[in-house]
2 protein chains.
Amino acid sequence: MTIAQACKTLNLSADTLRYYEKVGLIPKIGRTESGLRDYTSADCNWIEFIKCMRNAGVQVESLVEYVKLYQEGDSTHEARKDILVRERDRISAQVEAMQQTLTRLNFKIEKYETKMKNAEPLLGDCAKCSS
Amino acid sequence: MTIAQACKTLNLSADTLRYYEKVGLIPKIGRTESGLRDYTSADCNWIEFIKCMRNAGVQVESLVEYVKLYQEGDSTHEARKDILVRERDRISAQVEAMQQTLTRLNFKIEKYETKMKNAEPLLGDCAKCSS
DNA sequence: ATACGACTTGGAGTTGGCTCTAAGTCAATA
DNA sequence: TATTGACTTAGAGCCAACTCCAAGTCGTAT
């Protein structure tokens with residue numbers, strides 16, 4: 001699969017795919033005889049995984065670390081799991097904070113909707129975010 | 001309240017507070033006779049709100065827009081509500097994506113824990129993220 | 001009086017994550 | 001054979017959101 005096709009299936013730009021490969025976020029992609037990248041479906045699955053993690057806010061750095069360990073083989077089993085656990089906990093905390101923000105936003109939106117024109121001076125008085 | 005005290009209560013750096021004021025993310029802070037910033041509790045409440053939104057990933061740009069409208073008075077009531085709704089929907093979608101990522105991560109972590117050393121080649125085969 | 005520490009400013013620098021540019025290679029088509 | 005279009009590379013540029021720096025101004029303690 002050419003890079004153009006990979007872009008379409010993954011909905012990522014060619015620049016981004018090349019960037020991901022360059023920084024080690026995805027393993028080296030195989031080449032055709034003339035030197036063009038040739039994405040396998042395994043490559044695409046991996047990139048799909050990476051994309052999912054990136055969308056959730058996992059840093060490129062962490063994923064690079066994970067890929068590196070993965071390439072070092074079985075001995076890195078524990079370390080890899082630790083990264084996943086760490087990132088899961090990070091995302092989990094982030095989701096909780098966001099849910100509190102949602103509660104707060106909904107409270108404010110409701111005030112706007114019930115035409116309480118004086119909602120704004122109370123801005124800070126509604127439920128506070130924990131952070 | 002001096003900027004140092006505001007930093008402590010809000011857990012934000014002085015640079016960040018000044019930056020927020022400069023770009024219009026928080027209204028102009030009053031000054032003492034000698035020109036030092038003097039934060040009121042209303043200022044702190046506002047900043048607390050801003051901080052909550054920023055923590056949830058709301059862009060500075062959007063918040064600046066909101067503050068600007070707020071300062072223009074009652075006529076911007078609808079426009080302000082629209083911003084809040086827009087950002088709520090954005091956060092909401094993001095939370096959903098993150099929850100799917102969490103599911104995926106938990107699946108992988110479990111595989112690591114049950115000592116399925118061959119978990120990695122299946123990387124892309126577990127539940128896909130929608131995005 | 002002078003030194004100190006907390007503040008002020010404008011503007012430069014940093015980080016993360018892309019995104020774009022320029023110059024070149026290659027295969028296929030007119 | 002010449003041109004077209006998709007690819008290649010290294011490296012520069014860009015954007016958001018801070019973060020740091022230098023030079024200067026206060027009020028207070030020695």
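**DNA strand C and the two chains around it**

Q: Which residues come nearest to DNA strand C?
A: This is a predicted model. In it, 17 residues lie around DNA strand C. Those that come nearest are A:Ser34, A:Val60, B:Thr2, B:Ala4 and B:Arg37.

Q: Which helix supplies the largest share of the surface near DNA strand C?
A: Helix 4 (60-72) of chain A and helix 1 (3-10) of chain B each supply at least two residues of this surface. So does helix 2 (14-22) of chain A. The largest share is three residues, and its source is helix 2 of chain A.

Q: How do the residues of the surface near DNA strand C divide by type?
A: Take the nonpolar residues of this surface to start: they number five. The rest of the surface near DNA strand C is six polar and six charged.

Q: What pattern does chain A follow along its sequence?
A: Chain A has zero strands. Its secondary structure comes to five helices. Read along the sequence, the pattern is α-α-α-α-α.

Q: What percentage of the residues of chain A count as buried?
A: Chain A has 131 residues. A residue is buried if 20 or more other C-beta atoms lie within 10 Å of its own. The share of chain A that counts as buried is 22%.

Q: Why does the distance between the end C-alpha atoms of helix 5 of chain A agree with its number of residues?
A: Helix 5 (residues 77-113) of chain A has 37 residues. At 1.5 Å a residue, it should therefore span 54 Å. The two values agree, because its end C-alpha atoms are apart by 53 Å.

Q: What covers the buried residues of helix 5 of chain A?
A: The buried residues of this helix include A:Arg80, A:Leu84, A:Glu87 and A:Met98. Also among them are A:Thr101, A:Arg104, A:Leu105 and A:Lys108. Their cover draws on both chains, including helix 4 of chain A and, from chain B, helix 3 and helix 5.

Q: Which helix of chain B gives the most to the side that touches chain A?
A: Here 40 residues of chain B are in contact with 40 residues of chain A. On the chain B side, the elements giving two or more residues are helix 3 (41-55) and helix 5 (77-113). That side divides into 18 nonpolar, 10 polar and 12 charged residues. The most, 22 residues, comes from helix 5 of chain B.

Note on methods:
Residues numbered from 1 in each chain as written. Chains lettered and ligands numbered in written order. Predicted model: local features only at pLDDT ≥ 70, side-chain atom pairs only at ≥ 80, totals over all residues. Contact = placed C-beta atoms within 7 Å. Helix = DSSP H or I, 4+ residues; strand = E, 2+ residues; numbered from the N terminus. Nonpolar A, V, L, I, M, F, W, Y, C, P; charged D, E, K, R; others polar. Buried ≥ 20, exposed ≤ 12 C-beta atoms within 10 Å, placed from the backbone. Near = placed C-beta within 6 Å. Expected span 1.5 Å × (residues − 1).
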